[in-house]
Each structure stands twice: as structure tokens, then as C-alpha cells.
Amino acid sequence: MISRVKGFFSWLFKFARTHKLVSAIVIIILVGCGYWEYGNLTSTAGVTRYVLSTAQTGTIISTVSGSGQVSSIDQLDVVPKVSGDVVYVNVTNGEAVGAGAVIAQLDTTDAAKTVRNAQASLKSAQISLAKLQEPATALSLTQTQNNAQNAVDSLSKMYATSYNDVTATYLDLAPILADLVSIDTGTATNKNDQWNIDFYKNSVTTYDQADTDTYYNNAYSALTEAQTSYNTAYADFQATNQQSNATTTDNITKETYATTQSIVNALNAANAFLQFYEDQLKLVNKVPSTVADTDLTILNTDISKMNSHLSTLLNDTSTITADKQNIVTTGQSLAQLQAGPDPLDVQSAQLSVTQQQNALNDAENTLAEYTITAPFAGTIANLSISKGDSVGSGAV
């Protein structure tokens with residue numbers, strides 16, 4: 001074995017001397033390969049290395065830069081729903097705000113007053129409903145019962161008063177009607193049994209026949225009507241007494257009033273005719289009959305007296321009517337207290353409460369609109385108002 005190795009190296013040296021260039025190249029290759037293999041064996045690439053240091057807090061900043069256009073994904077013009085003066089601005093241009101943040105405040109003086117009025121109206125409606133639903137107290141029942149009884153008593157007394165006034169009227173109607181008959185159809189103005197009104201007519205008909213006929217006819221027809229009315233009414237009156245029932249007393253009072261009015265009309269017609277007679281004679285410088293002067297005085301006195309009776313009878317009739325209505329009203333009030341509130345009245349009162357509540361809600365909603373807020377989170381991009389400005393609804 002040793003002999004062979006020596007022989008190999010002897011051959012190798014001999015080959016290197018005879019082939020120097022080839023030998024040099026081979027040697028270079030062998031050296032390079034050996035160096036590369038050594039580097040692989042000694043390299044630390046791929047081996048896990050650990051670096052130790054003290055832990056501490058801090059801010060990690062990570063930035064990204066780029067170029068291009070920036071635009072918002074959601075933009076909205078803030079438009080108030082009401083008008084008013086700006087009293088407060090809470091933001092500035094470029095300021096970031098959250099959803100619902102106050103941007104500005106408008107003057108709420110009028111809107112707040114509307115809210116207060118609506119609150120008062122609602123309270124009033126609620127009180128009315130509560131009072132309506134309250135059960136009747138013993139005191140209120142007693143008072144209403146007393147009122148009803150007082151109305152009945154008042155009507156009863158009024159019927160007695162009315163009958164007394166009717167009686168007093170008839171005591172004057174008879175002599176006053178007698179005066180009227182004497183003035184119109186008496187014969188005091190001449191010796192030939194000619195009625196007084198015929199004498200007056202014949203004395204002035206040549207001066208103004210048309211008016212003379214009118215006054216004469218009015219006086220005579222009014223006298224005839226008054227006599228007829230009196231005769232019928234007086235007969236009915238004689239059939240009554242102080243104890244007559246309410247219906248009878250009502251009827252005789254109304255009939256007496258109508259009869260009295262009829263006699264007053266006749267008195268006025270006679271008075272107008274006599275006055276016309278005297279005026280016509282004075283126009284032609286003639287002296288009227290002294291009987292006419294006396295009759296005019298009587299007529300004026302009787303007219304005044306009958307007018308007084310008319311006023312009394314009319315007042316009696318009106319009072320009786322009022323007492324009757326009072327009886328109905330107090331009776332209804334008593335029945336209502338005993339039965340409790342009418343369901344329809346309660347429903348109406350409840351509806352009033354609802355209406356006032358709705359009015360208050362509307363007023364409060366309007367008041368809230370005087371505070372301008374951000375509809376969503378974002379940035380104020382273009383603030384165009386300041387304190388003291390007046391803004392209108394719909395303005396951006």
C-alpha cells in the first residue's frame with residue numbers, strides 16, 4: 001500500500017512539471033472549493049439570535065403618505081326649521097362635533113311663552129275634567145234641592161202677584177173705557193145728539209178731507225176693537241179667582257195685557273184725532289171747542305195710567321216665564337247631580353284634555369327646534385352665522 005502511494009505522488013509531481021498550466025488551474029479550483037466549503041461550515045445565517053433590553057412605554061407612530069383628492073363620504077347642510085335671532089354659537093369652522101352636538105341657539109322667548117300658555121290651557125282642561133268627574137257632595141245636593149224648591153215657591157208667589165195686578169188693572173179699565181166712549185161717542189160738543197168725533201170730523205173735513213177721514217176711521221175702529229176685547233176679557237176674568245190654577249192665571253194675565261194694549265191704542269187714536277182737529281182749526285184762526293181741550297187732558301191721564309198697567313203686566317209675564325225656566329233648569333241640575341256626569345260631557349272634557357296635550361307637545365317640539373344641533377358626527381365645514389344674526393327657516 002505504501003509503495004503504491006509513493007508511486008502516485010511521484011507520478012503527480014512528474015505530471016505537474018510537464019503540464020504546468022493545467023496543474024495551476026486545477027490547484028486554483030481546489031483552493032476555491034475548499035474556501036467555499038469552509039464558509040458554509042462556519043456561517044451563522046438561519047440561526048435564531050436573541051437581543052435583550054429594558055421594557056418601557058411609548059407611542060408607536062405609523063404614518064402613511066400619499067397624494068390625491070380628499071372628499072367627505074356624507075355632507076349635509078344644517079337648515080333650521082324656525083326663524084329667530086342667534087343668541088349663542090357653540091362651534092367654529094373646522095371643529096369636530098358629535099351627533100346631537102349644539103351648533104347654535106336661537107332666541108326662544110316667544111316659543112317659550114307659547115309653551116307656558118299651552119301648559120296653562122292643559123292644566124285648565126284637566127281641572128275641568130276632574131271637577132266633572134267628582135261625585136256630588138251632600139252640600140251641593142242640598143243646595144240644588146233648595147234652589148229647585150225656591151223656584152217653585154217663587155212661581156207660586158208670582159202667580160198670586162200677577163192675579164192681583166190683573167184685578168187692579170180691571171178696576172181701572174172700566175172707568176177708562178167709559179172715558180173713551182164718552183170722548184168719542186158722547187154729545188158734549190153740540191146740542192143735536194151728534195157724536196163728538198162726528199162733530200170734530202165735520203169741523204175740519206173741508207180743510208183736509210183725506211187726513212180727517214184717516215184719523216176719524218182710526219179712532220172709531222180702535223174704539224170698537226177695544227170694547228170687544230174688554231167685554232170678552234172681562235167675562236173670562238170674572239170666571240177666575242185667586243185659587244185658579246197656573247194655566248188659567250197665565251191665560252188671564254196674557255188676555256188682560258192684550259185688552260189693556262187694545263184700550264191704549266184706542267186712547268192714542270182718539271188723542272191723535274182731537275189733536276189733529278185743534279191743529280187744523282188753529283191753522284185757519286178758529287177757536288177749538290173747549291170740550292176738546294178737556295178731553296185731551298183726560299186722554300193723556302188715562303194713557304199714562306194704562307201704560308203703567310201694561311208695564312206691570314208685562315213684567316209679571318216675563319217673571320213667570322223666567323220662573324218656569326228656572327224650575328226646569330234647577331230640576332235638570334238636581335237630576336244630573338243625582339245621576340252623575342253625562343258620559344258625553346265627560347267624553348267632551350277628555351277630548352279637550354287630549355287637544356290641549358297635543359298643543360303642548362307641538363309647542364315643546366317647536367321650542368326644541370330653536371336649538372340647532374349636528375345631525376351626525378362630523379366636522380363643521382362652513383359656519384356662516386354669528387351671535388346677533390337673524391336667521392330664517394330654510395336658511396343654511
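Among contacts in the chain between residues at least 6 apart in sequence, what percentage join residues at least 24 apart? In this predicted model, the figure is 80%. The close-ups below visit a few places to look at in turn.

Figure 1. The chain has 396 residues, and buried residues make up 26% of them. Keep the share of 80% for contacts joining residues at least 24 apart in mind here, as it counts contacts between residues at least 6 apart in sequence.

**Figure 2. The largest nonpolar core, with 39 residues.** Tyr-170, Leu-180, Tyr-200, Ile-263, Leu-267, Leu-274 and Leu-299 touch the most other members of this core. Helix 4 (138-185), helix 5 (196-204), helix 6 (209-238), helix 7 (246-283) and helix 8 (290-339) each supply at least two of its residues. Helix 7 gives the largest share, 12 residues. For a close look at one member, take Ile-263: leaving aside residues up to four places away in sequence, Ile-263 touches Leu-173, Ile-176, Leu-177, Leu-180, Ala-226 and Tyr-230. A second, separate core has 13 residues, among them Val-82, Val-86, Val-91 and Val-97.

**Figure 3. Helix 6 and its buried residues.** The 30 residues of helix 6 should span 44 Å at 1.5 Å a residue, and the end C-alpha atoms are 43 Å apart, so the two values agree. Buried along helix 6 are Thr-212, Tyr-216, Ala-219, Ala-222, Leu-223, Ala-226, Tyr-230, Ala-233 and Phe-237. An α-helix has 3.6 residues a turn, so residues three or four places apart point the same way. Helix 4, helix 5 and helix 7 are included in what covers the buried residues of helix 6.

**Figure 4. Ala-270 in helix 7.** Ala-270 has a relative accessible area of 0%, so this residue counts as buried. Setting aside residues up to four places away in sequence, Ala-270 touches Leu-180, Asp-184, Ala-219 and Leu-299. Ala-270 and Ile-183 are 87 residues apart in sequence, with 8.0 Å between their C-alpha atoms.

**Figure 5. Asn-285 in the loop between helix 7 and helix 8.** Here is a backbone detail to check on your own display: Asn-285 is not a glycine, although its phi is positive, at about 60 degrees. With a relative accessible area of 73%, which is over 50%, Asn-285 is therefore exposed.

**Figure 6. Ala-101 in the loop between strand 2 (96-97) and strand 3 (102-106).** Is Ala-101 buried, exposed or partly exposed? Its relative accessible area is 23%, so Ala-101 is partly exposed. Not counting residues up to four places away in sequence, Ala-101 touches Ile-372, Thr-373 and Ala-374. Ala-101 and Phe-376 lie 275 residues apart in sequence and 8.5 Å apart in space, C-alpha to C-alpha.

**Figure 7. The largest pocket, with a volume of about 630 Å³.** This pocket is lined by 25 residues, and the closest to its centre are Leu-76, Val-78, Ile-380, Ala-381 and Asn-382. Sorted by class, the lining has 17 nonpolar, six polar and two charged residues.

Notes
Residues are numbered from 1 along each chain as its sequence is written. This is a predicted model: local features need pLDDT of at least 70, side-chain atom pairs count only at pLDDT 80 or more; totals for chains, interfaces and linings use all residues. Side-chain values use heavy atoms; hydrogens and water are left out. On a 1 Å grid over the protein atoms alone, a cavity is a set of points where a 1.4 Å probe fits but cannot get out, and a pocket is an open set with protein on both sides within 12 Å along at least five of seven lines; lining residues have an atom within 4 Å of a point. Grid points are joined across faces, edges and corners, and a volume is the space filled by probe spheres set on the points. Ala, Val, Leu, Ile, Met, Phe, Trp, Tyr, Cys and Pro count as nonpolar, Asp, Glu, Lys and Arg as charged, and the others, Gly among them, as polar. A nonpolar core is a set of buried Ala, Val, Leu, Ile, Met, Phe, Trp, Tyr and Cys residues joined through side-chain atoms within 4.5 Å. Buried means under 20% relative accessible area, exposed over 50%, partly exposed in between (1.4 Å probe, protein chains only). Helices (H or I, at least four residues) and strands (E, at least two) are DSSP runs, numbered from the N terminus. Contact means heavy atoms within 4.5 Å. The expected span of a helix is 1.5 Å times one less than its number of residues.
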